[in-house]
Amino acid sequence: MQSIDRSQSRRRFLKFLAGSPLLALCAPGSIEELIASAFQKPSGWTADEPSLQKLITSPEQALSVFDFEPVARQTLPPAHWGYMATGVDDDATLHANRTAFSKFQIRPRRLIDVRKFDTSTEIFGVKWKTPIVIAPVGSQRAFHSEGELAVAKAAASRGHLQILSTVTTTSIEDVIAARGAPVWYQLYPTTSWNVAQALVKRAEAAGAPVLVLTVDLPAGRNTETLERLKKVDSRNCANCHQPGIEGRLKRKPMFDKIDVKGLADYYAPTLTWDFVRRLKDSTKMKLVLKGIVTREDAALSVENGVDGLIVSNHGGRAEESGRGTMECLPEVIDAVQGRIPVLIDGGFRRGTDIFKALAIGAKAVCVGRPYLWGLASFGQPGVEKVLDILRVEFELIMRQAGATSIEQIKRTYVVENLR
Ligand SMILES: Cc1cc2nc3c(=O)[nH]c(=O)nc-3n(C[C@H](O)[C@H](O)[C@H](O)COP(=O)(O)O)c2cc1C
């Protein structure tokens, strides 16, 4: 028992260390040495535990999605790692997304035949073999040369729904071709209706059935961890990143034929419910709001004709609320009362995390950083392995808990302890 506790605390420490900005101060390649030297063998430690010290060198070696994180950290230049890893301010919301899961405990049922089980789920009339969704993430070529294409191919080979970011580094047409099926399109509307409309029309013409409007970045953000890591990146960032909105959008193909002169940013301080209704009326695509975290806004979403929600705090990258998305989910589910599907993201790393969210009432769960760790580490096979691990872990807890279909994963399966 004692050695299990030690092993867990050692693992937790290594995970913390791997995500720590302190590592950015070390020369690339020294991560293994640092990890090894930072953790002295505790007295009474019998096993050498080399698996905890050695970074994986192929996706097949991974035992959990966490195994990819230090490899991504080692592979990426500090600023790009910083962009991926950062939260805001003290990264408190980023961490809250993880700790929130411990406030929900699973109540497994016994004596149920679980040989046959079905993880498929339907969203907007389309059946998916898994409720695990690929969250929209901008600039994926900053993590791997194949970027969104590698992710699309992994989504295709494993049957996952993919949501593509406004600021994708690959066009939606190319991503849909690689995916071999439509993807949902995420929209940062900008401050210009014309720019938003041009993006929406292009996504619609490409075949996206669902538009995901991100509503949690009206005022910019304080990505302090990213700024710190930029300072220790010795490369000349100006070689790739040009200043100003035109410079920033130059390498984002969705803006290729759009006049962005005079645009303040791609975030939108002008966003209100009027905009949501206008946007909804301007497209045949279903409209999903991403970033809703309160019962009040969930109710307003339904009143304003929104088709679905993603409970999200942008992976702890928007405001520093200190509140994990799992803590927000129950009130959103209660306000919506089953009238529209509710998805969630933020800190999902284990099959049990997914099970808990579905039990509270989420239709599906979006995953961000874990597939980026896989992408940065090994490209498409890395993304595939991350998705495989999450699916296998989720299937395991379904069977352990006695739920043989997604419909059976009800609220009685969890105890909430939100205080
Ligand atoms: C590097 C990075 C870039 C992101 N870019 C976008 C984006 O372009 N649009 C968006 O709506 N959300 C974006 N997000 C937020 C994700 O869609 C998602 O909400 C978040 O990553 C989920 O949390 P997780 O990373 O803990 O799984 C980004 C997240 C990360 C880590």
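**Exercise 1. Find the element that gives the most to the lining of the largest pocket.**

Step 1. The model is predicted: local features need pLDDT of at least 70, side-chain atom pairs count only at pLDDT 80 or more, and totals for chains, interfaces and linings use all residues. Residues are numbered from 1 along each chain as its sequence is written, and side-chain values use heavy atoms, without hydrogens and water.

Step 2. On a 1 Å grid over the protein atoms alone, a pocket is an open set of points with protein on both sides within 12 Å along at least five of seven lines; a cavity is a set where a 1.4 Å probe fits but cannot get out; lining residues have an atom within 4 Å of a point.

Step 3. At least two lining residues each come from helix H5 (78-85), helix H10 (224-231), helix H11 (244-249), strand S11 (364-367) and helix H16 (369-378). Helices (H or I, at least four residues) and strands (E, at least two) are DSSP runs, numbered from the N terminus.

Step 4. H5 gives the most, with four residues.

**Exercise 2. Describe the volume, centre and classes of the largest pocket.**

Step 1. The volume is about 1400 Å³. A volume is the space filled by probe spheres set on the grid points, which are joined across faces, edges and corners.

Step 2. The lining has 50 residues; closest to the centre are Tyr83, Ser139, Leu226, Tyr266 and Arg317.

Step 3. The classes are 19 nonpolar, 17 polar and 14 charged. Ala, Val, Leu, Ile, Met, Phe, Trp, Tyr, Cys and Pro count as nonpolar; Asp, Glu, Lys and Arg as charged; the others, Gly among them, as polar.

**Exercise 3. Characterise the largest cavity.**

Step 1. The whole structure holds one cavity of 30 Å³ or more. The largest cavity has a volume of about 60 Å³.

Step 2. Its lining includes Tyr188, Pro189, Asp216 and Tyr266. The lining divides into nine nonpolar, one polar and one charged.

**Exercise 4. Classify the packing of H7 on H8.**

Step 1. H7 (residues 147-158) and H8 (residues 172-179) pack at about 30°, with axes 8 Å apart. Axes are lines fitted to C-alpha atoms, for helices over the stretch in contact; angles run from 0 to 180 degrees between N-to-C directions.

Step 2. H7 is therefore roughly parallel to H8. Angles under 35 degrees count as roughly parallel, over 145 as roughly antiparallel, 65 to 115 as roughly perpendicular and the rest as oblique.

Step 3. The contact (heavy atoms within 4.5 Å) has six nonpolar, no polar and four charged residues.
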